[in-house]
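This briefing describes the fold, the helix packing and several individual residues of one protein model. Please consult the sequence and the structure shown below while reading.

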Amino acid sequence: MTRCPNPLALLRPFRPHHAAGAAAVGLALVLALAAPAGAQTASRPNQGSAPPYEADMLRLAEMLGTLHYIRPLCGTPDAGRWRDEMQGLLEAEQPSEERRGLMVAAFNRGYESYRQVYHSCTPSAQLVAQRYLEAGARLSRDIAARYGSN
């Protein structure tokens, strides 16, 4: 099993990509991240503590890692989009070093777990990608709805 020596090396600055399904998730991420990040930045008395939406953010990071692996495997034109989305998530969230490490680990876990299972694009891989696009968009909207006004 080959591992990236620096897990943060998977992350790079945002460059927009265009794809129908990807655009929906990207828009949902922007909406979801703008409010919680602002709420967290505005009141940082417990800067080291995790926000109440932490489990959802970690799940979203893992989904992004999975999409970062599986979408290019299936030849979609949004190869770098999901790493870019993760970078945007980190920039919007401005987590502590500990939380950042957890989020990056979740992204890498999503990538690595599917890399071990899928070596070519199969109907199952395509289904996973479609379901994760839908679930990621739904989760992003839920985070924004639940925690956006905090």
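Among contacts between residues at least 6 apart in sequence, 84% join residues at least 24 apart. The model is a predicted one. The protein holds five helices and zero strands, and its elements run α-α-α-α-α from the N terminus on. Of its 150 residues, 44% count as buried.

**Packing of H2 with H3**

- Helix H2 covers residues 54-73 and helix H3 covers residues 81-93; the two pack at an angle of about 155 degrees, with their axes 8 Å apart.
- An angle over 145 degrees counts as roughly antiparallel, and H2 and H3 are therefore roughly antiparallel to each other.
- The crossing of these two helices, H2 and H3, is left-handed.
- On the H2 side, the contact is made by Met 57, Leu 60, Ala 61, Leu 64, Leu 67, His 68 and Arg 71.
- On the H3 side, Trp 82, Arg 83, Glu 85, Met 86, Leu 89 and Glu 93 take part.
- By class, the contact of H2 with H3 consists of eight nonpolar, one polar and four charged residues.

**Packing of H3 with H4**

- H3 and H4 pack at an angle of about 165 degrees, and their axes are 11 Å apart.
- H3 and H4 are therefore roughly antiparallel to each other.
- The crossing in which H3 passes H4 is right-handed.
- H3 contributes Trp 82, Arg 83, Met 86, Leu 89, Leu 90 and Glu 93 to this contact, while H4 contributes Arg 99, Arg 100, Met 103, Val 104 and Phe 107.
- The contact of H3 with H4 divides into seven nonpolar, no polar and four charged residues.

**Packing of H2 with H4**

- The axes of H2 and H4 come within 7 Å and cross at roughly 40 degrees.
- This angle makes H2 oblique to H4.
- The crossing of H2 and H4 is right-handed.
- From H2, the contact includes Glu 54, Met 57, Leu 58, Ala 61, Glu 62, Leu 64, Gly 65, Thr 66, His 68, Tyr 69 and Ile 70.
- From H4, the contact includes Arg 99, Leu 102, Met 103, Ala 106, Phe 107, Arg 109, Gly 110, Tyr 111, Tyr 114 and Arg 115.
- The residues of the contact of H2 with H4 comprise 12 nonpolar, four polar and five charged.

**The largest nonpolar core**

- The largest nonpolar core has 28 residues, of which Ile 70, Met 86, Leu 89, Tyr 114, Tyr 118 and Ile 143 touch the most other members.
- Two or more residues of this core are given by each of H2, H3, helix H4 (97-117) and helix H5 (123-147).
- H5 provides the largest share of the core, nine residues.
- Apart from neighbours within four places in sequence, Tyr 114 is in contact with Thr 66, Tyr 69, Ile 70, Val 128 and Tyr 132.

**Tyr 118, in the loop between H4 and H5**

- Tyr 118 is placed in the loop between H4 and H5.
- Tyr 118 counts as buried because its relative accessibility is 12%, below the 20% cut-off.
- Apart from neighbours within four places in sequence, Tyr 118 is in contact with Tyr 69, Ile 70, Leu 73, Ser 124, Ala 125 and Val 128.
- Tyr 118 and Tyr 69 are 49 residues apart along the chain, and their C-alpha atoms are separated by 9.3 Å.

**Asp 84, in H3**

- Asp 84 lies in helix H3.
- With 0% relative accessibility, Asp 84 counts as buried.
- From C-alpha to C-alpha, Asp 84 is 9.3 Å from His 68, and the two are 16 residues apart in sequence.

**Gln 94, in the loop between H3 and H4**

- Gln 94 is located in the loop between H3 and H4.
- Although Gln 94 is not a glycine, its phi is positive, at about 50 degrees.
- Most residues other than glycine have a negative phi.
- Gln 94 is partly exposed, as its relative accessible area is 42%.

Conventions:
Residues numbered from 1 in each chain as written. Predicted model: local features only at pLDDT ≥ 70, side-chain atom pairs only at ≥ 80, totals over all residues. Heavy atoms only, no water. Axes fitted to C-alpha atoms, helices over the stretch in contact; angles between N-to-C directions. Helix = DSSP H or I, 4+ residues; strand = E, 2+ residues; numbered from the N terminus. Parallel < 35°, antiparallel > 145°, perpendicular 65-115°, else oblique. Left-handed = near helix turned anticlockwise from the far one by under 90°. Contact = heavy atoms within 4.5 Å. Nonpolar A, V, L, I, M, F, W, Y, C, P; charged D, E, K, R; others polar. Core = buried A, V, L, I, M, F, W, Y, C linked by side-chain atoms within 4.5 Å. Buried < 20%, exposed > 50% of the residue type's maximum accessible area, 1.4 Å probe, protein only.
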